[in-house]
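Q: I have a structure open here and want to go through it with you. Pick a place to start.

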Amino acid sequence: MRLDKYLANMHIGSRSEVKLMIKKGLAAVNETVIKDPGFSVSEEDKVTVSGREVAYREHFYYMLNKPAGVVTATEDKRDETVLDLFPEELRRGLIPVGRLDKDTVGLLLIMDDGALAHELLSPAHHVDKKYLVRTDTPMKPEDAEEFAKGMSLKDGTELKPAILEISGADDCEALVTIREGKYHQIKRMLAHCGHSVVYLKRLSMGEVSLDPALKEGEYRELTEDEIALLLGIKE
Ligand code: URA
């Protein structure tokens, strides 16, 4: 692969930015400075930029604290998308894992590993998704029982058992854990119990929790441990 392509693929900069870095003599391959952007490198070569190693990576994994008002899509004619929150040079191949509603905030995994994204969403893998929810009216223990039984919605949708843990002084706040990811699932489950959702935030997906240091709209790469936890579902 060309050196400029390698560096762009490893998210060092856009193709034109990395070309400039190479021409300035900042890149080295196996300790030799290379000024030709077309120089051929392989995954086994030791590539550095400004002395820092740029190891080959097959995939990139991020967590985003999704803000309200952006849609979970890779492109949209009208609305800002979750991918618009990433700089252009990082966006290539990225896909959101599942969908949060436009007004839902919190943890959204975004990666370029389509196979893992597919596994995480597959019903066979039982990946728990935990949310913090606030409703317009107080929730009751009977609502938690409805969740636990599994619900048949009026439109015929059958939902598997889920967990509703009511908290907060006014009983208008709860933790909800679901395994499926049906359209507007939590809003529809709570509507079935007579409540409207006024705030919804995803806190975790499988073993991976939203980093509390991330403000809404911010993202960071997953750590190796977090990636291993996600990959663990395949075993
Ligand atoms: N359930 C919903 O109703 N909306 C979401 O965004 C996620 C789960």
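A: Glu-146 is partly exposed, at 25% relative accessibility. On this scale, buried means under 20% relative accessible area, exposed means over 50%, and partly exposed is in between (1.4 Å probe, protein chains only). The model is predicted: local features need pLDDT of at least 70, side-chain atom pairs count only at pLDDT 80 or more, and totals for chains, interfaces and linings use all residues. Residues are numbered from 1 along each chain as its sequence is written, and side-chain values use heavy atoms, with hydrogens and water left out.

Q: Which side chain does Glu-146 meet in a salt bridge?

A: That of Lys-149, at 3.3 Å from N to O. A salt bridge here is a side-chain nitrogen of Lys or Arg within 4 Å of a carboxyl oxygen of Asp or Glu. Both residues belong to helix H5 (residues 141-149), 3 residues apart, or about one turn of the helix. Helices (H or I, at least four residues) and strands (E, at least two) are DSSP runs, numbered from the N terminus. Lys-149 is exposed, its relative accessible area being 61%.

Q: And how many salt bridges does the rule count?

A: The count is 17. One of them joins Asp-170 to Arg-134, with the closest N and O atoms 3.0 Å apart. That pair links distant parts of the chain, 36 residues apart: Asp-170 is in the loop between strand E11 (163-167) and strand E12 (173-178), and Arg-134 is in strand E8.

Q: Asp-170: how accessible?

A: Partly exposed, at 35% relative accessibility. Arg-134 is also classed as partly exposed, at 28%.

Q: Which residues are linked in a network of salt bridges?

A: Arg-2, Asp-4, Arg-15 and Lys-19. Asp-4 counts as buried because its relative accessible area is 0%, whereas Arg-2 is partly exposed at 37%.

Q: Back up a bit. How many helices and strands does the chain have?

A: There are 7 helices and 15 strands. The C-alpha trace spans about 70 × 40 × 30 Å along its principal axes. Of the 235 residues, 42% count as buried. Taking contact as heavy atoms within 4.5 Å, 63% of the contacts between residues at least 6 apart in sequence join residues at least 24 apart.

Q: What does the domain assignment give?

A: Domain 1 (3-53), domain 2 (61-123 + 207-234) and domain 3 (128-205). These bounds come from an automatic or database domain assignment.

Q: How far apart are the centres of domain 1 and domain 2?

A: They are 28 Å apart, taken over C-alpha atoms. In the interface, 5 residues of domain 1 are in contact with 4 residues of domain 2.

Q: How much area do domain 1 and domain 2 bury between them?

A: About 390 Å², with 45% of it on carbon and sulfur atoms. Buried area is the accessible area (1.4 Å probe) that two parts lose on being put together, summed over both. On the side of domain 1 that touches domain 2, the residues divide into 1 nonpolar, 4 polar and no charged.

Q: What is the salt bridge count between domain 1 and domain 2?

A: It is 0. The rule does find 2 residue pairs in polar contact across that interface, both at pLDDT 80 or more. A polar contact is a pair of N or O atoms within 3.5 Å; within protein, one must be able to donate a hydrogen and the other to accept it, and residues adjacent in sequence count only if both atoms are side-chain atoms.

Q: New topic, backbone. What is the phi of His-11?

A: Positive, about 65°, although His-11 is not a glycine. His-11 is in the loop between helix H1 (3-9) and helix H2 (15-23), and is buried at 14% relative accessible area. Ser-50, not a glycine either, has a positive phi of about 50°. Ser-50 sits in the loop between strand E3 (47-49) and strand E4 (52-53) and is exposed, at 52%.

Q: Last one. Where does Thr-135 lie?

A: In strand E8 (residues 129-135). Thr-135 counts as buried, at 3% relative accessibility. The side chain of Thr-135 reaches the backbone oxygen of Thr-137 at 2.9 Å. Leaving out residues up to four places away in sequence, Thr-135 touches Cys-172, Leu-190, His-195, Ser-196, Val-197 and Val-198.

Technical notes
Ala, Val, Leu, Ile, Met, Phe, Trp, Tyr, Cys and Pro count as nonpolar, Asp, Glu, Lys and Arg as charged, and the others, Gly among them, as polar.
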